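Open the model in your viewer and keep the selection tool at hand. The stops below say what to select next and what is there.

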Amino acid sequence: MIRFKTTRTALGLYGTLLVLPTLIFGWLYWRELLKAHEVEMASVPEDAEDGARKIWTSLKARMDDLIEAETNRPFTEYGEYVLPSLEPIGDEIRPQRSAMTERTLPAGILAYFRFDRSNPASPVDVFVGDDTFGRKGVAENFVPIIEEFRNKRDSVTVLTNIEPQRPPQAFPLAAVALSLGNGDLECIKKCSAYLIDESITVRVYDFRLQFYVDQDGFGRAVVSRRVRAEIGPLIDAPAEAGCLAPLMKGFDLQQGFLLDVNWLFKELPFTIAEHVLDAKESLVRRDGAGTIDKLESRFATFYPVEKLGFETFKSSDLRFGQLDVEIDTSEITARFDHQQRNLFAVGLMLVLTLATGMSLLYRSVSRELEQAHRTQNFVAAVTHELRTPVSTIRLHGEMLLDGWAVDEEKRQEYYRRIVRETGRLSTLVENVLEKSRLKESVTEPELSDLNEVVRRLEKDLASGDGSEDLSFDLAPRLPQVWLTPEGVRGVLLNLVENARKYAPVDRNASEPEPILVRTRWDGERALLEVLDRGPGVPAPEKGRIFDAFYRVGSEATRTTTGTGLGLHLVKLHADVAGARVSVHDREGGGSIFRLAYRASV
Ligand code: ADP
């Protein structure tokens, strides 16, 4: 009970001082790790939104720049010829080809166009820059697109009602006439007298961005503005001067440009993305419903048509060209997994270390307790072993002194008892002394005939009361072995005494089987054995009975007297000779105590 309690206290202390703090620290660290991971994961959608915002704001800035440049372009440039400057021109008209027919168009613009708003049947003018070879063909390709746009505009009245207003501006009449006169230079020159130094007030509206999906499913982005001059017959010009006709009755134009949808919604965002997104972010285009999202990613969606402020004729067109900023979270997850694995590995190592520490502590405490227990047993045994003979000697001595023993026979009996008890006492003292002597033994083993040594001991081994309880069986032709004669003597005296004590011969049996002392050769060593028919030694005790002061059972339950030194002395004697000692179960009951002596070779 004490032993259990002490061990429990030691383990409890170990647990409280080492295991518990380790567990708590491990748990706290694990929680920190988890929290940091959650925070990182939670910031991912925000990062994606941020990336998306960066892209569409850059896209919008690019569009704003483009529109600003086009806003600054005089409306008179929409035509084949222009005047080089919009200043009043003096007395000469020197037309130049317009930038719309002369130069390469700005990036993103497919074609410029112009049509008369007041007459839906009027032709559409398209300008495609200096792509001179086959220019006409190219321009014609755009005509149906612009016509479709015109029809759409006409069919949706709400759009036309909210045109932004701008203050009207004066333009040189010659420039306007040149632009609207459909390139009829001859006519212009003829009418120059009416044009020089005259100006016309024109209202140029802001550009509006419109987007629609055409009948073939193509996205069309058109930026256009209204240009209006509300004038009556301003100048006194000849009616046959057709090039001046628009100036006389006023005009209401729609002019602008067709944007390259591919460039605007598919190329430009990706070029921007390369600069504004970081490594783990990427821009993805969602074409149709077939796209499979990656499992390990989060994304932010945006619709460029909507973000750039395009008006649409149908609300569903706002969703054209969906773009997603996708963040690959697999790296974050992989890092977290790695940290987790490291933590578990360290945890496992700690658990193993602590468990080893615990078991070592347990063993060490148990050993200490066992030793203490044995010493306690020994003290109890020695006290008992001393007290019994001392009181017997004293009692019989006093009885002799007081003349209790009346006859000679009684006296002899008392003397014998006193001598026997004195013998017990001196054996006890001898044993304790022998133990310490053998511990620091200097006796060297010598090569001798084991049988011979045993034979010399036969008399000493005989029982004191003359009963023949011992038999010998010595193997012939035993090789010489390393031994010390007094060691063999000590061994046999102890083993035979133990056999008599724990396995006395049953004299009442029909054929009493004596204790057997035998020698044998097992092919390698010479064996000296003492065999009895006693209760045997229980298996768990076999390894411990040779320890000092070890006795089977407890002092309270034991019936035999002893100090637990006998077998320990046997082992010490064996050690001196380099022999091995062991105990075995005997067939048919009883035990075999065996010493295996080294042979000469
Ligand atoms: P002691 O005899 O003083 O108790 P020993 O060292 O001689 O001490 O013996 C140790 C224990 O081994 C004994 O307590 C006993 O239980 C057991 N033992 C010794 N010899 C025998 C035997 N021949 N048969 C059964 N048990 C034995």
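Select Glu398: is this residue buried, partly exposed or exposed? Glu398 has a relative accessible area of 36% and is partly exposed, where buried means under 20%, exposed means over 50% and partly exposed lies in between, with a 1.4 Å probe and protein chains only. The model is predicted, so to speak of a local feature here takes a pLDDT of at least 70 and side-chain atom pairs count only at pLDDT 80 or more, while totals for chains, interfaces and linings use all residues. The side chains of Arg394 and Glu398 meet in a salt bridge, 3.2 Å from N to O. A salt bridge is a side-chain nitrogen of Lys or Arg within 4 Å of a carboxyl oxygen of Asp or Glu. Both residues lie in helix H11 (residues 330–401), 4 residues apart, which is about one turn of the helix. Helices (H or I, at least four residues) and strands (E, at least two) are DSSP runs, numbered from the N terminus. Arg394 counts as exposed, at 57% relative accessibility.

Select Arg416 and Glu413. Arg416 forms a salt bridge with Glu413, and their closest N and O atoms are 4.0 Å apart. These two residues stand 3 residues apart in helix H12, so about one helical turn separates them. Arg416 is exposed, with a relative accessible area of 54%, and Glu413 is partly exposed at 28%.

Then go to Asp214 and Arg220. A salt bridge links Asp214 to Arg220, with 3.0 Å between the closest N and O atoms. Are these two buried or exposed? Asp214 counts as buried at 7% relative accessibility, and Arg220 counts as buried at 17%.

**The largest cavity**

Rolling a probe the size of a water molecule over the atoms shows where empty space is left. The structure holds 2 cavities of 30 Å³ or more. On a 1 Å grid over the protein atoms alone, a cavity is a set of points where a 1.4 Å probe fits but cannot get out, and lining residues have an atom within 4 Å of a point. Grid points are joined across faces, edges and corners, and a volume is the space filled by probe spheres set on the points.

How much space lies in the largest cavity? The value is about 60 Å³. To find this cavity, select Arg437, Leu438, Thr443, Thr484, Glu486, Gly487, His573 and Val576, the residues that line it. Helix H12 (408–439), helix H14 (485–502) and helix H15 (566–577) each supply at least two residues of this lining. By type, the lining divides into 2 nonpolar, 4 polar and 2 charged residues. In this grouping Ala, Val, Leu, Ile, Met, Phe, Trp, Tyr, Cys and Pro count as nonpolar, Asp, Glu, Lys and Arg as charged, and the others, Gly among them, as polar.

**A nonpolar surface patch**

Select Leu20, Ile24, Phe25, Trp27 and Leu28. Together they form a nonpolar patch on the surface, with about 540 Å² of accessible area. Patches are made of residues with over 30% relative accessible area and no salt bridge; like charges are joined within 9 Å, and nonpolar side chains (Val, Leu, Ile, Met, Phe, Trp, Tyr) within 5 Å. Accessible areas come from the Shrake-Rupley method with a 1.4 Å probe, and for residues only the protein chains shown count as cover. Leu20 is found in helix H1 (residues 2–71) and is partly exposed, with a relative accessible area of 44%.

**Single residues**

Select Phe549, in the loop between strand E18 (525–531) and H15. Phe549 counts as buried at 12% relative accessibility.

Move to Thr329, in the loop between strand E13 (323–328) and H11. Thr329 counts as buried, at 1% relative accessibility. Its C-alpha atom is separated by 9.5 Å from that of Glu281, 48 residues apart along the chain.

Phe127 is found in strand E4 (residues 125–127) and is buried, with a relative accessible area of 6%. Phe127 and Val138 are 11 residues apart in sequence, and their C-alpha atoms are 9.2 Å apart in space.

End at Arg477, in the loop between strand E15 (470–474) and strand E16 (481–483). Arg477 is exposed, with a relative accessible area of 78%. Phi of Arg477 is near 50°, a positive value in a residue other than glycine.

Key. Residues are numbered from 1 along each chain as its sequence is written. Side-chain values use heavy atoms; hydrogens and water are left out. On a 1 Å grid over the protein atoms alone, a cavity is a set of points where a 1.4 Å probe fits but cannot get out, and a pocket is an open set with protein on both sides within 12 Å along at least five of seven lines; lining residues have an atom within 4 Å of a point.
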